[in-house]
Amino acid sequence: MKILEMVKEAKTIGITGHVRPDGDCIGASLALYLYLQKNLPEVRVDVFLDTPPPFFACLQGFEAIINDGKSDIKEYDIFFALDAPQNRLGKAENLFKKAKTRINIDHHVSNDGDGDINIMQPEAAATCELLYSLLDFPDELDADIAKAIYIGIAHDTGVFRYGSMTPKTFEIIAALMKYDFDFAQILNDTYFERTYVQHQILGRALLESIVFMDGRCIVSCLSRRTLDFYHVGSGDFEGIVNRLLATKGVECAIFMYQTRGHEYKVSLRSQGVVDVAEIAGCFGGGGHVRAAGVTMKGTFHDVVNIISSRIEAQLDSRKNVG
Ligand code: 5GP
Ligand code: MN
């Protein structure tokens, strides 16, 4: 079923994605928002997300994003959750739960689907790719919608590098590039350009990283004190864990930062042998086989010990099989 068929009776539609939204989540939410507005101008469409990093302001619809999860509508006819399961929706979770029809669209292997309609496709390289395949008129987009989808796919594939890319992904990118937007500049503005602070904390994270398990694992942690010193914001960690993973010989990278007291946000990346979605899932997190995350309680050493023992068990069992 395509999007317009799903929403054909609706007068009010809500859209949201996961907390700390990334490029795919923001791109998908705004692409869907713009698409619905374009095709159904008489329908009220609201989009709810945590405050995104400011450089996403280059996307049309950015200023319409509602950050506080508040609305005068208590029960939307349709509510979309994009790129996330229900328990990661943050402030809009309640609106999603109360909606008459809940639609969950995601490509995370850890999401079983929480909606009345669930479109789960772990083989899609990005939720934006999946969303594109659900549009009724993909040939009749406009530059703003194309740009939002392009951003989402570019960000979730490390700019078209990950193994999740397929010929289909490239076909979609080729179709999107026919629209009139600056596809090189937008990647520079939203992906490659870093603030001074972001470079400083990347430097700290690399400098203080520790390799273990004979160089197959790497971990780095930034404490609350360091983050406060640099005035770091939540979007500033993007890319650090991937740089750790790019260390020669490393199979698995762990990057963590202290959210408060004995609590850490943990990012896990794998070259493919270790399934990090499975490890994050053991502690209430999730993600993809090669990229996953979780929030964990304990000291730095507690968290590293418990995660690395799971990594080691997976590496050992793979070795026995191989
Ligand atoms: P990151 O490490 O960049 O925060 O996230 C990597 C992947 O794991 C992303 O696809 C993200 O959506 C997912 N992820 C990160 N943290 C969590 C979490 O706490 N729960 C779940 N279910 N997924 C997460
Ligand atoms: Mn995604």
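Predicted model: local features only at pLDDT ≥ 70, side-chain atom pairs only at ≥ 80, totals over all residues.
Which residues form one aromatic cluster?

Residues are numbered from 1 along each chain as its sequence is written, chains are lettered from A and ligands numbered from 1 in the order in which they are written, and side-chain values use heavy atoms, with hydrogens and water left out.

Back to the opening question. The cluster is made of Phe 48, Tyr 76, Phe 79 and Phe 96. Searching the whole structure turns up 14 aromatic pairs. To be counted, two rings of Phe, Tyr or Trp (its six-membered ring) need centres within 6.5 Å; planes under 30 degrees apart are stacked, over 60 edge-to-face, and the rest tilted. Take Phe 181 and Phe 183: their ring centres are 6.4 Å apart and their planes meet at 85°, so this pair is edge-to-face. Phe 181 is buried, with 10% relative accessibility, while Phe 183 is partly exposed at 31%. By those words I mean under 20% relative accessible area for buried, over 50% for exposed, and partly exposed in between, using a 1.4 Å probe and protein chains only.

Now to the inside. A nonpolar core here is a set of buried Ala, Val, Leu, Ile, Met, Phe, Trp, Tyr and Cys residues joined through side-chain atoms within 4.5 Å. In soluble globular proteins, nonpolar side chains tend to be buried together. The largest core in this model has 57 residues, and the members touching the most others are Ile 3, Leu 36, Phe 80, Ile 149 and Leu 176. Helix α2, residues 23-39, is its biggest contributor, with ten residues. Helices (H or I, at least four residues) and strands (E, at least two) are DSSP runs, numbered from the N terminus.

Let's zoom in on Ile 149. Leaving out residues up to four places away in sequence, Ile 149 touches Ala 31, Cys 128, Tyr 132, Leu 135, Leu 141 and Leu 176, where contact means heavy atoms within 4.5 Å. There is also a second, separate core of 22 residues, including Met 256, Val 276, Val 303 and Ile 307.

What about the cysteines? The structure holds zero disulfides, a disulfide being a pair of cysteine sulfur atoms within 2.5 Å. The closest cysteine sulfur to that of Cys 128 belongs to Cys 25, and at 9.0 Å it is too far for a bond. For Cys 217 the closest is in Cys 252, at 4.9 Å, again too far for a bond. Cys 128 is buried at 0%, and Cys 217 is buried at 0% as well.

Last stop: charges. There are twelve salt bridges, each one a side-chain nitrogen of Lys or Arg within 4 Å of a carboxyl oxygen of Asp or Glu. Arg 44 pairs with Asp 46, with the closest N and O atoms 3.0 Å apart. Arg 44 also meets Asp 72, at 2.8 Å from N to O. Asp 72 lies in the loop between β2 (44-48) and β3 (78-82) and Arg 44 in strand β2, so their bridge ties together parts 28 residues apart in sequence. Elsewhere, Glu 263 and Lys 297 form a salt bridge at 2.7 Å, N to O. Glu 263 is in strand β9 (residues 263-270) and Lys 297 in strand β11 (residues 291-297), so that pair ties together parts 34 residues apart in sequence. Glu 263 is buried at 10%, whereas Lys 297 is exposed at 62%. And through shared partners, salt bridges join Arg 44, Asp 46 and Asp 72 into one network.
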